[in-house]
Amino acid sequence: MRTPHRIINITLLSGVILLFSCSEEFKFVQVSDPQFGMISGNKGVSEETLLYIKAVEGINSVDPALVIVTGDLVNDRSDSSQLNEFKRITLRIKTKKIYVTPGNHDVGNDPAKKDIEEFSEKFGSDRFSFSYKKCWFIGFNSNLIKSTDSNLEEEQYRWLQDELEKAKDAMYIFLFCHHPFFVNDPEEPEEYFNINPAQRKKYLDLFAEYGVDAVFAGHLHKNVSARAGNMKMITTSSAGKQLGNDLPGFRLVTVSRQGFTDTYIKSDD
């Protein structure tokens, strides 16, 4: 299996330094939890509209190659005004390489097959996998890991294994989902914002086996960065309502010959 990455791999051959890295520098953005309707308690979307427009303007200003939205697109999935406003503003993003993964407000806390089908009708598949400039991007539905329907979870787990096998020779592997597997510590107990320890171990072992470099999540409405071995667990705050001391924004990731860096950018900046 693929060994975990270092920031840069250097091989000396006859006095020549050979650098193996992504073919050229590029940037991508993760934005999470715009959650239209949350601030007003589903009475309107005007607050989220203003905040998300600012986020999209900021995203366009940094000109990323890719944009990934990690769930909770809306607060009430049955509210068409929330759905339409998210779609309308998202279409302002200049790059057309935009991918979404579902949050618990998009498919429910215990989703069934029909919930996933409804999401797919509105936004496309609840998962994605592709290669870009020698790096591999995989998005999946973390709500299924918390679901009581073990068949849905196991089907996705097998799919994830297959995609990681395809990615084993990639320079970097980046994963995207809504729930952080852990917030601060891989050994922390289960609570609302993370994945239960048994399932967490199952997935973290898989990620370690294939040398996953980073998992990007949301859900917490706060910014936290932690580690499990060589893997970064990056939790990005909301583009809308905050539950901590952060401000609305998005995460900019720059991938270069030296590795990759991530920075949270406040929308007002």
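**Strand pairing and helix packing in a predicted model**

Five bridges join S10 to strand S11 (residues 231-235), and the two strands run antiparallel. The model is a predicted one.

Trainee: Which residue of S11 stands opposite Ala226?
Mentor: Strands of a sheet pair through backbone hydrogen bonds, either parallel or antiparallel. S10 and S11 run antiparallel, joined by five bridges. The residue opposite Ala226 in S11 is Met233.

Trainee: Which strands stand at the edges of the open sheet of six strands?
Mentor: The order in this sheet is S6-S7-S8-S9-S11-S10, with mixed pairing. Each edge strand has a single partner strand, so one side of each is left without a neighbour in the sheet. The edge strands are S6 (128-132) and S10 (224-228).

Trainee: How are H1 and H2 oriented to each other, roughly parallel or roughly antiparallel?
Mentor: The axes of H1 (residues 46-62) and H2 (residues 80-90) come within 10 Å and cross at roughly 25°. Angles under 35 degrees count as roughly parallel. The two helices are therefore roughly parallel.

Trainee: Which residues of H1 make the contact with H2?
Mentor: H1 passes H2 in a right-handed crossing. On the H2 side the contact is made by Glu85, Phe86, Arg88, Ile89 and Thr90. From H1 come Thr49, Tyr52, Ile53 and Val56.

Trainee: How many of the five residues of S4 are buried?
Mentor: In a regular strand the side chains alternate between the two faces of the sheet. Leu66, Ile68 and Thr70 point one way from S4, and Val67 and Val69 the other way. S4 is largely enclosed by the rest of the structure, because the buried residues number five of the five.

How values were computed: Residues numbered from 1 in each chain as written. Predicted model: local features only at pLDDT ≥ 70, side-chain atom pairs only at ≥ 80, totals over all residues. Heavy atoms only, no water. Axes fitted to C-alpha atoms, helices over the stretch in contact; angles between N-to-C directions. Helix = DSSP H or I, 4+ residues; strand = E, 2+ residues; numbered from the N terminus. Parallel < 35°, antiparallel > 145°, perpendicular 65-115°, else oblique. Left-handed = near helix turned anticlockwise from the far one by under 90°. Contact = heavy atoms within 4.5 Å. Buried < 20%, exposed > 50% of the residue type's maximum accessible area, 1.4 Å probe, protein only. Pairing = 2+ DSSP bridges.
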